[in-house]
Amino acid sequence: MINGTMISGQSPSDKPPGILLGMFQQLPVPAISRYLAQQGWDWLILDMQHGRFDYSTSYECCHVARRSGSKPLVRVPIGDVSAIQRVLDLGASGVVVPMVNSREEAEQAAQAAKYPPLGGRSRGGDAWYHFGDNHTEVANQTTVLLVQIEHIKAVAVAEKILAVDGVDGFLMGQVDLALSMGLSDTHFSENREHQAAIQHTVDVCNSVGKLACYNAFSEAEAQERVRQGFRVITHQSDVDVFCESGRARRDALRRNLDLPERA
């Protein structure tokens with residue numbers, strides 16, 4: 001339990017204590033949710049912001065992921081507060097809200113994600129058929145609300161954003177953070193100001209006992225961010241894995257069969 005939020009899968013023997021692992025899912029296919037969940041990912045983040053999900057596919061994939069052992073979160077589109085309550089009604093275990101740059105925006109997200117007295121979420125949907133008659137009472141303790149801190153303006157007010165009741169933590173958006181600082185979206189990892197902004201944000205988050213989450217693009221980066229204080233590590237997406245694995249297998253076959261490169 002972190003900040004009153006029950007987090008599933010905290011103690012498998014193949015992970016450091018207290019570290020959760022997740023993956024983004026961009027393809028709205030329930031079978032992919034099932035495969036990923038059965039692989040043992042603690043969290044799946046269904047991507048309505050940059051992926052292909054709509055409400056119908058989110059519903060199906062959320063329930064498949066739950067049944068298969070993973071915690072499904074949905075990343076909603078930027079600025080769509082109404083989508084927060086909607087995806088929770090459809091069965092999401094939590095929500096990722098992108099581009100939260102102020103305390104006011106964090107408060108709006110918390111109002112939509114949590115039932116009274118913590119928020120203003122309306123009671124509805126079919127959750128009681130799936131999760132029991134006491135769903136309203138337990139939802140505020142089990143629903144995860146992550147805000148994305150991915151702009152230098154948000155870093156500057158991270159204390160105010162993460163102090164909001166109902167916000168359970170943040171997901172670092174390191175690429176958009178770099179862009180907001182006038183840096184390249186591919187060559188920013190050695191920039192001291194950028195790395196200091198990340199360290200400041202994770203330190204603030206840990207100081208208030210909330211979840212610090214990071215999407216790492218390599219195993220080495222994941223190790224570095226855990227040492228830095230992040231407790232949830234997501235690693236790329238289903239599309240990344242599919243494309244990288246497919247290209248690697250193609251290249252290996254071409255080398256082993258001594259085939260020429262395609263024009």
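Q: What is Val232 in contact with, leaving aside its neighbours within four places in sequence?
A: Val232 is in contact with Leu20, Trp43, Leu211, Ala212, Cys213 and Tyr214. Contact means heavy atoms within 4.5 Å.

Q: What kind of model is this, and how is it numbered?
A: This is a predicted model, where local features need pLDDT of at least 70, side-chain atom pairs count only at pLDDT 80 or more, and totals for chains, interfaces and linings use all residues. Residues are numbered from 1 along each chain as its sequence is written, and side-chain values use heavy atoms, with hydrogens and water left out.

Q: Back to Val232. Where is it found?
A: Val232 is in strand E8. Helices (H or I, at least four residues) and strands (E, at least two) are DSSP runs, numbered from the N terminus.

Q: Is Val232 buried or exposed?
A: Buried, with a relative accessible area of 0%. The cut-offs: buried is under 20% relative accessible area, exposed is over 50%, and partly exposed is in between (1.4 Å probe, protein chains only).

Q: Which residues touch the most other members in the largest nonpolar core?
A: Ile84, Phe170 and Phe230, out of 49 residues in that core. A nonpolar core is a set of buried Ala, Val, Leu, Ile, Met, Phe, Trp, Tyr and Cys residues joined through side-chain atoms within 4.5 Å.

Q: And what does Ile84 touch?
A: Val76, Val95, Val97, Ala109, Ala112 and Ala113. That leaves out residues up to four places away in sequence.

Q: Which residues does the second core include?
A: This separate core has twelve residues, including Ile45, Leu73, Leu211 and Val232.

Q: Switching to charges. How many salt bridges does a search of the whole structure find?
A: Five. A salt bridge here is a side-chain nitrogen of Lys or Arg within 4 Å of a carboxyl oxygen of Asp or Glu.

Q: What does Arg121 form a salt bridge with?
A: Asp89, and the closest N and O atoms are 3.0 Å apart. Arg121 lies in the loop between helix H4 (103-113) and helix H5 (127-131) and Asp89 in helix H3 (residues 81-89), so the pair ties together parts that are 32 residues apart in sequence.

Q: Are Arg121 and Asp89 buried or exposed?
A: Both are buried.

Q: What about Lys114?
A: Lys114 forms a salt bridge with Asp168, with the closest N and O atoms 3.0 Å apart. This pair links distant parts of the chain, 54 residues apart. Lys114 is in the loop between H4 and H5, and Asp168 is in the loop between helix H8 (158-162) and strand E6 (169-172).

Q: Why do Lys114 and Asp168 count as buried?
A: Lys114 counts as buried because its relative accessibility is 1%. Asp168 counts as buried because its value is 2%.

Q: And Asp251, what does it form a salt bridge with?
A: Arg250, with the closest N and O atoms 2.9 Å apart. Asp251 is partly exposed at 27% relative accessibility. Arg250 is partly exposed too, at 40%.

Q: What does His135 touch?
A: Tyr115, Arg121, Ala127 and Trp128, not counting residues up to four places away in sequence. His135 is in helix H6 (residues 135-142). His135 counts as buried, at 9% relative accessibility.

Q: Pockets next. How much space lies in the largest pocket?
A: About 390 Å³. On a 1 Å grid over the protein atoms alone, a pocket is an open set of points where a 1.4 Å probe fits, with protein on both sides within 12 Å along at least five of seven lines; lining residues have an atom within 4 Å of a point. The volume is the space filled by probe spheres set on the points, which are joined across faces, edges and corners.

Q: Which lining residues are the closest to its centre?
A: His50, Arg75, Val175, Asn215 and Phe217, of the 19 residues that line the largest pocket.

Q: Which element gives the most to that lining?
A: H9, with three residues.

Q: Which peptide bond is cis?
A: The one from Pro116 to Pro117, with omega near 10°. Pro117 is in the loop between H4 and H5.

Q: What is phi of Gln236?
A: Near 60°, a positive value in a residue other than glycine. Gln236 is in strand E8, and counts as buried at 10% relative accessibility.
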